[in-house]
Amino acid sequence: TDDMPQVRFRKLSQVAKRYRLEEFTNPTYARSGKNVELNTAPANYVRFVVHELLPKQSKAMWIDADTIVQCDVVQLFKNAFNKESEETDSGDILTLPAVAAVPRTGYPVGLSGRGRRIYGDEEISFNAGMYLMELNRWRAQKLTAKIREITLANRYQNWYYSGSQPPLALVVKNNFEHLPKSWNVKMSNAKVDESGALRDEVCLMHWAGPNKPWIKGHESQIHSEFWAVYGTPATDEEMERASGDVNTNAGTNSEISGDDQEEEEEGETAKESKSSNMATERIEQAPQRHALSKKIR
């Protein structure tokens, strides 16, 4: 539009087809009936082809739909990846961080029991609800191809059970630039003072997990009062209609968080782990349809 001359909209169905977004999905786990949208909705996997959609750009920022930005992103964007900006020879571009994110301790969220046995020694990871990309490094390091390799292998290896968070984290590992923690604050953990104001600096509010502020009935659980400034919870009819659109129309601009499995990580039961392991055993007994059967390095 005239008001936003630099904004360009792309039809999701066309992007999904051209860049084969289906190959990033997790249909094996989706068939269990859990996190179906998270594991299959194309909107969740556009993040892996941003370098294609912005071929002339060197930086990009991904922000999930379940967030509110409260600080100016310009300075953060400008400062990212500048520590080694003078180092541009081919050797450096292949090893320098292509991602900048808020760090967190521990292995990537969303791993299955088998995935934890393989990748559980990772001591640091990040939440993919907000991160920056250095696109020249991303292209040079062929990160999308590496992610695709993991997502396709996961259909038979069952390393992780949800979404776009695990494959990105497994490829990037600990090679990412650290951003201030205020730039990805999980609202279920946020603290407020007596006046209702947030105690700590919060540049990006993130409603990670299944309890979204626009879903009726969750208002009191996750500081939905901050979201209410911009909108009220959807009615049951609106949610049902939106759910139908997501399931039947690949072109829908669905609001899918890249890490909705995070709230469920601590609640995963032994039954689910056992089920995952049983599925893995059945798969391993069948003829292997993918050559990749060991940890990707």
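I looked up arginine 104 and found it opposite serine 125 in S4. The model is a predicted one. I then traced the two strands concerned: S3 (residues 99–105) and S4 (residues 124–134) run antiparallel and are joined by six bridges.

Entry 2, the sheet. I followed the strand order and noted S1-S4-S3-S5, an open sheet of four strands with mixed pairing. At the edges I found S1 (59–63) and S5 (177–178); each has a single partner strand, so one side of each lacks a neighbour in the sheet. I also noted that helix H10 (residues 165–172) lies across S3 and S4, at about 85° to S4.

I counted six aromatic pairs in the structure. For tyrosine 45 and phenylalanine 48 I recorded ring centres 6.3 Å apart and planes at 50°, so this pair is tilted. Both tyrosine 45 and phenylalanine 48 are buried. I next recorded tryptophan 214 with tryptophan 227, a tilted pair with 5.2 Å centre to centre and 50° between the planes. Both tryptophans lie in the loop between strand S7 (204–206) and helix H11 (236–248), so their pair ties together parts that are 13 residues apart in sequence. Tryptophan 214 counts as buried because its relative accessibility is 13%. Tryptophan 227 is likewise buried, with a relative accessible area of 13%.

I found the charged end of lysine 59 over the ring of phenylalanine 77, at 5.9 Å from the ring centre.

Technical notes:
Residues numbered from 1 in each chain as written. Predicted model: local features only at pLDDT ≥ 70, side-chain atom pairs only at ≥ 80, totals over all residues. Heavy atoms only, no water. Phe/Tyr/Trp six-rings, centres within 6.5 Å; stacked < 30°, edge-to-face > 60°. Buried < 20%, exposed > 50% of the residue type's maximum accessible area, 1.4 Å probe, protein only. Lys NZ or Arg CZ within 6 Å of the ring centre and 35° of its normal. Pairing = 2+ DSSP bridges. Contact = heavy atoms within 4.5 Å. Axes fitted to C-alpha atoms, helices over the stretch in contact; angles between N-to-C directions.
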